[in-house]
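Read it with the model open.

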Amino acid sequence: HARNTRMAEPQFYSAELNADARLRLRLERDLRQALSAEGGDELILHYQPQFDHHGRIHAAEALLRWQHPTLGLLPPGQFIPLAEESGLIIVLGIWVIRTVCRQLRQWSEAGLQNVTIAINLASPHFLDPGLLPLLDEVTQANGIDPRQIELELTESMVMEDSDLVRNTLARIHERGFLLSIDDFGTGFSSLRHLSFLPLDTLKIDRSFIQNMLEGPRQAAVVRGIIALAKSLGLQVVAEGVETQEQASAVRHEGCDLMQGFLHARPMPAETFALRLKD
Ligand code: C2E
Ligand code: MG
Ligand code: MG
Ligand code: MG
């Protein structure tokens, strides 16, 4: 919009920009507060299960929500980009890792089946020398097997600073933590990365699943991704399965796990614990 703004309208333009900038500043300040010791319970993790073909819960993805004091429940799309730009993403990620590990201990103490929880991380985490020591500390403190933690990375973050990131990933993987590539097929897709990253899981982006029944070419793309993943020894998750037809199709093509609104939406920890029981 900025480029189209005429010189005759500078005041309108700057007023709009200011409102935008003010909201961002406010959200950044509020997020800092939410992350501080006085932040209370504003940040919440929901869990979306991943099902195998027998309908059993195999794992779940932790998805962040923010119960903002005046703006209501905010989805991650409304504050993760801000957290990335302001640098708060590191502290936010640490909060998520700690919260997931405490939760896993509680579920284990309650006698629930052991599940793996997938955590979304942003690129700065893999450049942070504190990541592996943190993972070691919180898993040991809570008596958690590293294989119960899966770190999701996106293809675009893998592009960055590949030597350092690759090294960090290798050490995390050696320790037994699982690594998955999220939203596969979108962004700066580079197949080259698949050959040298120590991955366990590939998550096919929702957009492919949603298009795969539109025609043989769309289905062929999904089939190709699955074949590639399988030949690399990766577990394959279909993201965004919304219909029975999509579920049948991805199962037919050999996907291992399904995550989508058809089976379950992201849910609070207590609800997820109930689902684990039955
Ligand atoms: P993602 O990692 O690809 O997570 C999956 C997103 O797809 C979630 O949106 C989930 O609610 C949604 N989804 C799952 N099944 C379906 C379906 O069948 N249909 C449709 N239309 N959507 C489905 P959500 O929770 O809004 O999260 C959006 C993104 O925000 C995530 O995408 C992830 O990139 C980011 N995110 C979420 N939590 C965190 C976090 O703790 N840290 C970081 N760094 N990013 C996070
Ligand atoms: Mg994810
Ligand atoms: Mg995804
Ligand atoms: Mg996504």
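Donors are N, O and S atoms within 2.8 Å of the metal (3.2 Å for Na, K and Ca); water is not among the atoms, so sites may look incomplete. In sequence, the donor residues of the magnesium ion (ligand 3) follow the spacing D-D-x55-E. This is a predicted model: local features need pLDDT of at least 70, side-chain atom pairs count only at pLDDT 80 or more, and totals for chains, interfaces and linings use all residues. Residues are numbered from 1 along each chain as its sequence is written, chains are lettered from A and ligands numbered from 1 in the order in which they are written, and side-chain values use heavy atoms, with hydrogens and water left out.

**Magnesium sites**

- The magnesium ion (ligand 3) is held by Asp182 (OD), Asp183 (OD), Glu239 (OE) and Glu239 (OE), at 2.1 to 2.7 Å.
- Asp183 sits in strand E6 and Glu239 in strand E8 (residues 235–239), so this pair ties together parts that are 56 residues apart in sequence. Helices (H or I, at least four residues) and strands (E, at least two) are DSSP runs, numbered from the N terminus.
- The magnesium ion (ligand 2) has Glu61 (OE), Asn120 (OD1), Glu152 (OE) and Asp182 (OD) as protein donors, 1.9 to 2.2 Å away.
- The donor spacing for the magnesium ion (ligand 2) is E-x58-N-x31-E-x29-D.
- Glu61 belongs to strand E2 and Glu152 to strand E5 (residues 149–154), so the pair links parts that are 91 residues apart in sequence.
- Asp182 bridges the magnesium ion (ligand 2) and the magnesium ion (ligand 3), which are 3.8 Å apart.

**Ligand 1**

- The shell around ligand 1 holds 21 residues, and the closest are Arg65, Asn120, Asp182, Glu242 and Phe261. A residue counts as near if one of its heavy atoms lies within 4 Å.
- Strand E2 (57–68), H3 and strand E6 (178–184) each give at least two residues to this shell. E2 gives the most, with four residues.
- By class, the shell has nine nonpolar, four polar and eight charged residues. Here Ala, Val, Leu, Ile, Met, Phe, Trp, Tyr, Cys and Pro count as nonpolar, Asp, Glu, Lys and Arg as charged, and the others, Gly among them, as polar.
- A side-chain N or O atom of Glu61 is 2.9 Å from an oxygen atom of ligand 1. For Arg206, the side-chain distance to an oxygen atom of ligand 1 is 3.2 Å.
- Phe261 uses a backbone N or O atom, 2.8 Å from an oxygen atom of ligand 1.
- Ligand 1 taken alone exposes 810 Å², and the protein buries 81% of that. Accessible areas come from the Shrake-Rupley method with a 1.4 Å probe.

**Cavity**

- One cavity of 30 Å³ or more turns up in a search of the whole structure. On a 1 Å grid over the protein atoms alone, a cavity is a set of points where a 1.4 Å probe fits but cannot get out, and a pocket is an open set with protein on both sides within 12 Å along at least five of seven lines; lining residues have an atom within 4 Å of a point.
- The largest cavity has a volume of about 40 Å³, where volume is the space filled by probe spheres set on the points.
- Its lining is Ile90, Gly93, Ile94, Ile97, His125, Asp128, Gly130, Leu131 and Leu134.
- Helix H3 (89–109) and helix H5 (131–141) each supply at least two of the lining residues. H3 gives the most, with four.

Note on methods: Polar contact = N/O pair within 3.5 Å; in protein donor to acceptor, adjacent residues only side chain to side chain.
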